[in-house]
Amino acid sequence: MAGIASSLTEKQGSARGGTPRVIRNPLWVRVLFMTIAFVFVAFFLVLPLSAVFGEALRKGLRVYLASFNDPDALSAIKLTLLTALCAVPANLVFGIAASWCIAKFDFRGKALLTTLIDLPFAVSPVISGLIYVLVFGLQGWLGPYLGAGDHPWFGEWFNQQDIKIIFAVPGIVLATMFVTFPFVARELIPLMQAQGSDEEYAALTLGASGWQMFWRVTLPNIKWGLFYGVILCNARAMGEFGAVSVVSGHIRGETNTMPLHIEILYNEYNFVAAFAVSSLLALLALVTLVLKSLIEWQHARTRKDAASA
Amino acid sequence: MSIQATQLSKTFGTYTALAGVDLNVERGKLVALLGPSGSGKTTLLRIIAGLEYADPGSGRILFHGEDVTDEPAGKRKVGFVFQHYALFRHMTVFENIAFGLRVRKRRDRPSRSEIADRVNRLLKLVQLESHGSRYPHQLSGGQRQRIALARALAVEPKVLLLDEPFGALDAKVRKELRRWLRQFHDEINLTTVFVTHDQEEALEIADTVVIMNNARIEQVGTPQEIYDRPASPFVYQFIGNVNVLRAQALAQAGAHAANPGTLHADGQVYVRPHDIEVTPHLPGAPGIAAVVRFIHAAGPAARLTLEQVQNRETVEVETSRVTLASLDLKVGDLVNLRLRQAHSFDDDYAI
Amino acid sequence: MSVVRQRSVLPGFGLSLGFTVTYLSLIVLIPLAAAFIRTAEMSWGDFVQAVASPRVLASYRLSFGVSLLAALVNAFFGFIVAWVLVRYSFPGRKIVDALVDLPFALPTAVAGIALTAIYAKNGWVGQWAEPMWSGFLAWLTGVMPSVDWKKLLGAQIAFDRPGVFIALTFIGLPFVVRTLQPVLEELEPELEEAAASLGANRWQTMTRVIFPELLPPLITGFALAFARAVGEYGSVVFIAGNRPMHSEITPLLIITKLEQYDVRGATAIAVVMLVTSFILLFLINLLQKWSRRHHRI
């Protein structure tokens, strides 16, 4: 579901809401529009968010805090952090590489490559998990070699390493990498295209080497876009449910991420604990939104500076 | 350092940007590459700088006799100034200028204090001493352009290349800055090539003007040569104003064209507006009969728009206001036009 | 992918493209191809059996039908929210603006249980909405007794079809707002002023000048919300009740098949959904290209 993540370059921050204009809708239309918008936002956004914290604290702060004093919850938190720690840097490196070749060079197949990068957004999370089961699962392509040991080379190797992918941590990381694949690249490609290559050329004429150019000129210029992509990528990586659900195997204390742990708690009618863990993820979402707004605000400001000079 | 480019060609897909161009720039000269947009002038400049490669096997670039065709941009010792400045937006002015020194390998890198000295000297040279700690977006367009120049000079280039250096500035700043560039060039005496599409700019400050059109060089010469002796119809039309008259008109005018020997039956003759003399119409007198249509007398010189009686084509004439007053012309008057100097080109008929 | 390009002075083309294509192939293309290859191994009869059994067809009807409804509702309300955010200034506008992205940022499982808690019979909204829903159904039955409204619309809100609708509306909410917003911001006030100076009244200006400009992004946002809703899983499963043939969405059916070790059946359904979303993606791309060209004038 392309196009949404990359609001940074498209958004001009030119909120015209404040400028007084003679021509505007009549008062009753404005009041009606505002009312509808507020009611809609209240029911679909504010209420669910408040519900998370309300339900978590329903039985008081002590019960809320006690929910985290559970080894399974802690291990879920750890696994979620570990997953994000693997998936986000991988997609970060990928995003930089992809945007570099797409934004700075012309080559045949560029449009196709750009479309393919967006592909994971169009795939249902459940299917994102399923395809990894097809590759690594017991009935999958590589599955028979994993642990079965009947492949002349790989089987032996996998056996010795005792590698499990599906229903284990590697599968969770892979599925998460898939669903968060486009975030950083989508943010950087339009940004780098808009910035052009003149500063890089200038660095080269001044004698900079390729890496010096990258570290001193390119990277500082894209750092906000990069950060923006990373926080969105991270929010999704920590919160992914469907894809991870398919590949995890739901082994308590071992292969449960936070969202999966929430599901188990909820299905066991342990609502306070479920909402307590949820509240952590909701906080993460709030922090993400705040950071995102701050970056957009910062971006709009530097744009305005650049334009007014 | 002199620059020689031989037989440079550059194609982008099916589009030809340069078709076998040769260029010689003498040491210490200020050279303008002048031409309409799409004529290949920026491509030529970027190839000289090493920012673009000429078509494989097409030609060579020599700096002071030394082949630099395969040298990367950073090794060519060129200073390049970009049209839109390309200042590093996240660095201060000081850091921008120091960049080229700071990226050097440790053994070639000047010490911290030497770098600071050099940057401050350059800031003084471009008259922006107090702006070192500002960021590019806090500067005006003209200031940014000067910082871009200082940054290019910091690495002590042997050649200075400027791509439409004043293109993004408003008219007044443009004028100031180009005079400043000329003075500046006389002070530091660095071989300099700049690209422009503004003929006034090129004619005013360059030692040598190179006129480009359609991926080729049309003419190379001093500003005066270019203006007085255009080598082709294109140059004639591109530089200054010009009237294109049919050759029959010339026969009537009894003018002394610069190379009148090779006129063809329906050839064309190029005449500058100020090379046409207006005289009162007398029957039998030599000259092109024309009717005055408009008189524009505002400005230092008067401009007349006339219509030839024979073929109803328009002619522009420039004359002093004193002459205009002595002629006492009104719209609708019949006059005779005499050409003081005119050109024609044979190669128009090469088809 | 054949690579023909102008030789460039900038470094790193081979390295970055090589890495991009390799990583893309390993993480995205090869696993996706697995789904198609595994399905190609099935016989046609088996395939039809897997993707067109009554239970699967019922899940398509639910998934696509409710997604369509949710996307329509989002198109309407999203338009108003975008309009209010761009055109009106009010205290807290920045907060509402940031909050619009909540469905992107909030993990779907969290959204799922939160929505369930609110709309369940004893929830904050459910306790008064549930009786209203029953009354609404009774009224419908009175008006048109021939339709089994309870079966069609769901007898209750949570753990039934309305729950699916609520979850899919939630997760599709940002799409319409975020595609409309930049276009609305770019829309010059001069356009409206010109219309007004030519004698158009406000309604004519809105319908003939502004709305046509906003139609392409509106359709794009609608399509994006729809495509997202069809594949959604996490926020729906908690609130849907998940009754086979009634409130079971297609992604859930894939998981059910997997849990029954029917990998082939699951894969076949997945392929149908993949093809549908690729067609949608293609249409959305066309739409965006068209609207960009339209917008350039």
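This passage describes two interfaces in a predicted model, one between chain C and chain B and one between two domains of chain C.

The interface between chain C and chain B was examined at the level of residues, area and polar interactions. Four residues of chain C and eight residues of chain B take part in the contact. About 470 Å² is buried between chain C and chain B, and carbon and sulfur atoms contribute 52% of this area. The chain C side that touches chain B consists, by class, of one nonpolar, two polar and one charged residues.

The C-alpha centres of domain 1 and domain 2 of chain C are 30 Å apart. Five residues from domain 1 of chain C and seven residues from domain 2 of chain C form the contact.

The area buried between domain 1 and domain 2 of chain C is about 550 Å², with 83% given by carbon and sulfur atoms. On the domain 1 side, C:F36, C:R38 and C:T39 lose the most area to domain 2 of chain C, and together they account for 73% of what that side buries. The domain 1 side touching domain 2 of chain C comprises three nonpolar, one polar and one charged residues. Zero salt bridges are found across this interface between the two domains of chain C, and zero residue pairs are in polar contact there with both at pLDDT 80 or more.

How values were computed
Residues numbered from 1 in each chain as written. Chains lettered and ligands numbered in written order. Predicted model: local features only at pLDDT ≥ 70, side-chain atom pairs only at ≥ 80, totals over all residues. Heavy atoms only, no water. Contact = heavy atoms within 4.5 Å. Buried area = accessible area lost by both parts, 1.4 Å probe. Nonpolar A, V, L, I, M, F, W, Y, C, P; charged D, E, K, R; others polar. Domains from an automatic or database assignment. Salt bridge = Lys/Arg side-chain N within 4 Å of Asp/Glu carboxyl O. Polar contact = N/O pair within 3.5 Å; in protein donor to acceptor, adjacent residues only side chain to side chain.
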